[in-house]
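Hi everyone, thanks for making time this morning. I'd like to walk you through a structure that may be new to you, so please settle in and have a look at the screen.

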2 protein chains.
Amino acid sequence: MSGGELPAEFALIARHFRPLAGPGALDLADDAAVLALPPGRELVVAADAMVEGVHFLPDDPPGLVGKKLLRVNLSDLAAMGAAPLGYLMTVAVPRQTPDTWFAAFAAGLAEDQARYGISLLGGDTTSTPGPTTLSLTILGTVAAGGAIRRAGARPGHSVWVTGTIGDAALGLAVLQGRLDDPTGFLAARYRLPEPRLGLALGRTQSSLPGVTRQSRDARVEPGHNGIEPDSGQPKSTLAEIVAACIDISDGFVQDLGHLCRAGGVGAEISGDAVPLSEAARAAGADWLVTCLTGGDDYELLLAVPPEREAALAHAARAAGVPVTRIGRFVAGEPKVVARDADGAPLHLPAGGWSHF
Amino acid sequence: MSGGELPAEFALIARHFRPLAGPGALDLADDAAVLALPPGRELVVAADAMVEGVHFLPDDPPGLVGKKLLRVNLSDLAAMGAAPLGYLMTVAVPRQTPDTWFAAFAAGLAEDQARYGISLLGGDTTSTPGPTTLSLTILGTVAAGGAIRRAGARPGHSVWVTGTIGDAALGLAVLQGRLDDPTGFLAARYRLPEPRLGLALGRTQSSLPGVTRQSRDARVEPGHNGIEPDSGQPKSTLAEIVAACIDISDGFVQDLGHLCRAGGVGAEISGDAVPLSEAARAAGADWLVTCLTGGDDYELLLAVPPEREAALAHAARAAGVPVTRIGRFVAGEPKVVARDADGAPLHLPAGGWSHF
């Protein structure tokens, strides 16, 4: 005789995760979620995992861990020009994980669900004898045929980047006690990336659900780099402007290398043009290579045909997302060359972060 | 200067996982996969995680671990009556994991991809200081409005189950050295579940890609339980036959309890009618409670209106999946009562497996 009492696992899911469930999730009480795509849209899907001690630190606040897990996946949707739809998540945690951890983790997710207009569709909660290990699959949609791909950069296109580069890598150094961070800006950039969905979707920043003010790191103003100011033309989605896009997760140099290989082109970068935050500049020149090769930026790298640079500037201004032109794609080997103000090549170590 | 050499992580993905990628996966070389749903179909999505030492054993063959990861998720699709479309997977493994582990793991997945007609759409590979932790998100489709739900059981419906119950729980005992298994049948049932997709989709068994013979555990013949033999009527999908369905992952009693709670009904089970394999019967009566409450069966529990029992028998015969009627749903409290041949209640511990 049984069925009256539910074991602790189900009570935990009901308490913390069911409130995150949205349309199609069937209250997380069925074997799967069911949802229809809007007519004329294609599905865009990506998955990323985060392991305690590898992707986040044991004393990172659980709410920020939840947000980062969601945002690194939303950044992949932004890079494809896709609008978010919902997510599935598996959570493996030690048995002794306190209820307060789940409460704070779920509260962070709830805040970002409201911010980005999405909800939880399903998943799995399990124990592990190892570190907390999180996996999230994001679902989004694009207009049929309208996804932005990596493989579109051509010689003559310019290289653009959103936001500032290297803050997250420096933030990790801060949290590891290797660098000072008087304002807390660098640590915040490590812990909480800002997926560039507003720019990707051609929305004004305030039209993203829950977004009411400029992000803290919007220090580099659009238009400062020789491009035309707001011309009053209609806003475009990123897919209508750029020829290729990738989000920077493994490191600026490595991910630019991915764009080069995918497009069969090289890239020439002006090291001085790469946008650094005030805090990163304050860290000093010794940290420049860390900025250019460290991971976790979750900014977008863009290949932009010359005739569409004004449209990019307009869209960036409307979205409240800073963009900077930093170099150009060239014919030749698919490699990245960075030069200083005198034209001399900077020596950057190959590659970025690898797990093996 | 960089971009020429790819770090080991990318080489590993290219070597082992790219060959698994299918249409829409963009060779796993973009930020996300893009795919269109067939017209008139809705998306069905589920995710499950598996942790070494919790869901599989350190010396389980990697190919079987890969197959089990895929199949526990396919079982969720079967329970919803959904046809599989593809999957995303995140893999967290210790740094010293040998290349042969990846090769064997991917080979197992490749075999099952061919068997079930699906492919890899995306994912993430990372290191962990803990045990190997795998997460898989399965995507499938159903006709719009055609998903089978848990919440359809009504008083007077009969309780049916596919296959045999408890083999996997006994198989775990075998692998832990607590039980003998002369034929290896029980350990095989633990390591390699058989998602009941053929029955779910109204297909003959041989029409599933790669399926050419009866599964080893098809010992219980359809029609042995007083139901009509094959009447020659057209095959139906499970969604056209059953009122509710769940797959048995947490244990027979607990998952039947889920069907009861979702439908607001009780269930009365004849303990003697619950189908046990020859190997489970040979283990003896002391193991009966383990069979009824242990997890990992991945059989389907069905609520069947009386007038559709013949259609179920027909569909089961066509699919080569044994089905057995074991009791009925009744009005009253949402609890499970099992009785022996004399009508006396069997005393079953409440609940099944919980991680917390």
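How many residues of chain B are in contact with chain A? The model puts 83 residues of chain B in contact with 83 residues of chain A. Please keep in mind, as we go along, that this is a predicted model.

Let's stay with that interface for a moment. Together, chain B and chain A bury about 6,700 Å² between them, and 59% of that area lies on carbon and sulfur atoms.

Now for the polar side of the story. Between chain B and chain A there are 20 residue pairs in polar contact, counting pairs with both residues at pLDDT 80 or more. Where does the largest share of chain B's touching side come from? That would be strand 2 of chain B, residues 41-51, which supplies 9 residues. Sorted by type, the residues on the side of chain B that touches chain A come out as 48 nonpolar, 20 polar and 15 charged.

Strand 2 of chain B turns up again when we look at pairing. Strand 1 of chain A, residues 33-35, pairs with strand 2 of chain B in the antiparallel sense, over 3 bridges.

On to charges. Side chains of opposite charge can pair when their charged atoms come close. Between chain B and chain A, the count is 4 salt bridges. In one salt bridge across the two chains, the side chains of Arg150(B) and Asp31(A) meet at 3.3 Å, N to O.

Over all chains, the structure holds 26 salt bridges. Here is one inside chain A: Arg115(A) and Glu194(A), with their closest N and O atoms 2.8 Å apart. This pair links distant parts of the chain, 79 residues apart. Arg115(A) sits in helix 3, residues 99-116, while Glu194(A) is in the loop between helix 5 and helix 6 of chain A.

Finally, a word on confidence. For the complex, the predictor gives an ipTM of 0.89 and a pTM of 0.89. Chain A has a mean pLDDT of 88, with 87% of its residues reaching 70 or more. Which stretches of chain A have pLDDT under 50? Residues 1-5 of chain A are one of them, and residues 211-233 of chain A also fall below 50. The model still has 47 contacts for residues 211-233, beyond near neighbours in sequence.

Conventions: Residues numbered from 1 in each chain as written. Chains lettered and ligands numbered in written order. Heavy atoms only, no water. Contact = heavy atoms within 4.5 Å. Buried area = accessible area lost by both parts, 1.4 Å probe. Polar contact = N/O pair within 3.5 Å; in protein donor to acceptor, adjacent residues only side chain to side chain. Helix = DSSP H or I, 4+ residues; strand = E, 2+ residues; numbered from the N terminus. Nonpolar A, V, L, I, M, F, W, Y, C, P; charged D, E, K, R; others polar. Pairing = 2+ DSSP bridges. pLDDT = per-residue confidence, 0-100.
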